[in-house]
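Student: I'm new to this one. Can you take me through it and tell me what the labels rest on?

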Amino acid sequence: MGDIKSFFHQWCAKNGKEPQFDVRPTGPKHRQRFLCELRIPGFDYVGAGNSTNKKDAQGNAARDYVNYLVRTNRVNPNDVPKDAGIPTMTPDAIKIEVSTPIKSVFQGGMGPNDIGQAYRPYNERGQSNHTYMYRLADQKKVEDAEDVDVNSGIHGNWTIENAKSKLHQFMQTNKINADYKYTPVGPDHTRYGVLQMDFF
């Protein structure tokens, strides 16, 4: 990994370019990864790499950028270090001539450079929503939202929960011993309750 990164820095120094590495953490704290975006002023390509540590993420981004430089014939593939994983040209390599023009895969204005950053955070925290803990948190938010009684204003803002709480508080302050059983009746949208209380 170090060889490809040093090769990349040597190429930048030789061509008078200053690479800009932008490393940021992604994912949850217990399984954090680092995303590195590599830019060179004057080039519209963004090299990307990720790994579990910053150094390897930068190395992967450098490898991606060297691949781009090889594809655009700015770097000879035979000059790239052998362990970089970049294919080199051999004398018996087959060159295929294409007679028809190559069409772009993307429609006009819809390419990767037109859309924006290649790696965007999924939410405002910059973390993925696809982890188990975040799905549980989102599920709890939905359940809490479903427990809200939107019609509580009709009956003096009394809900089943705060009515049970007030009754329990009243019984404790007045030292009333009683057993009570609350039974909800009806479907969710028209639910009411039956309270059975035994004093002793």
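Student: What makes β2 and β3 a pair of strands?
Tutor: Two strands pair if DSSP finds at least two bridges between them. Five bridges join β2 to β3, so the pair meets that definition, and the two run antiparallel. Strands here are DSSP runs of E, at least two residues long, and helices are runs of H or I, at least four long, numbered from the N terminus. Keep in mind that this is a predicted model: local features need pLDDT of at least 70, side-chain atom pairs count only at pLDDT 80 or more, and totals for chains, interfaces and linings use all residues. Residues are numbered from 1 along each chain as its sequence is written, and side-chain values use heavy atoms, with hydrogens and water left out.

Student: And which way does β1 run against β2?
Tutor: Antiparallel, with seven bridges joining β1 (residues 20-26) to β2. Arg24 stands opposite Leu35 in β2. The two strands form a hairpin with six residues between them, and Gly27 in the turn has a positive phi of about 85°.

Student: Why is β2 called largely enclosed?
Tutor: Five of its seven residues are buried, so the rest of the structure largely encloses β2. Buried means under 20% relative accessible area, exposed is over 50%, and partly exposed is in between (1.4 Å probe, protein chains only).

Student: How do you know that Tyr68 is buried?
Tutor: Its relative accessible area is 11%, and the cut-off is under 20%, so Tyr68 counts as buried.

Student: Why is the pair of Tyr45 and Tyr68 called stacked?
Tutor: Rings of Phe, Tyr and Trp (its six-membered ring) pair if their centres lie within 6.5 Å; planes under 30 degrees apart count as stacked, over 60 as edge-to-face and the rest as tilted. Tyr45 and Tyr68 have centres 4.2 Å apart and planes at 0°, so they are stacked. The pair links distant parts of the chain, 23 residues apart: Tyr45 is in the loop between β2 (33-39) and β3 (47-51), while Tyr68 is in helix α2 (residues 54-71).

Student: What makes Tyr65 and Tyr68 edge-to-face?
Tutor: Their centres are 5.6 Å apart with 75° between the planes, so the pair passes the 6.5 Å limit and the angle is over 60. They sit three residues apart in helix α2, about one helical turn.
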